[in-house]
Amino acid sequence: MSAFQMTQGKGRGSATLAVTMLTLIYLLALTEPAEGAIYTVGDSSGWTFQVSGWPKGKSFKADDVLVFNYSPGAHNVVAVNRAGYLSCRAPGGSKVYSSGKDRVKLVKGQNYFICSFPGHCEGGMKIAINAA
């Protein structure tokens, strides 16, 4: 085999590898990162009073997304710790959502949410979710 033939073989192999790599990069760029399941809190009723039992019977995982639908200005969603959930009080620094169409990604372990409007959490506007 001549030096020319060996160079040509390498060139074709390198070109094939380059095309394959570019194709893979292109396909990866087109795909979105995997997101978990999407749950609408309270189903068709949305984020409202007496929703605290809504998570029962459901299996949640980290990266699942909760969608909170409600009237902005009438309610909010506050991500709290266990103490905040039990006391219906949002600790300082808690993340407050108020768009009325909030999307919150669950983290592994316990996730707690309340409405911090006076009397709403006490009226059952709170949920506790354990994400595997």
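Q: What percentage of the 132 residues of the chain count as buried?
A: In this predicted model, 33% of them do. Buried means under 20% relative accessible area, exposed over 50% and partly exposed in between, with a 1.4 Å probe and protein chains only. A word on the ground rules: local features need pLDDT of at least 70, side-chain atom pairs count only at pLDDT 80 or more, and totals for chains, interfaces and linings use all residues. Residues are numbered from 1 along each chain as its sequence is written, and side-chain values use heavy atoms, with hydrogens and water left out.

Q: Why are strands β1 and β2 called paired?
A: Two strands pair if DSSP finds at least two bridges between them. Strand β1 (residues 38–40) and β2 are joined by 3 bridges, so they meet that definition. The two run parallel, and V65 in β2 is the bridge partner of I38.

Q: How do you know that β2 also pairs with strand β5?
A: Here there are 5 bridges, in the antiparallel sense, to β5 (residues 101–105). V65 turns up again, with K105 as its bridge partner in β5.

Q: Which order do the elements of the chain follow?
A: There are 2 helices and 7 strands, and from the N terminus on they run α-β-β-β-α-β-β-β-β.

Key:
Helices (H or I, at least four residues) and strands (E, at least two) are DSSP runs, numbered from the N terminus.
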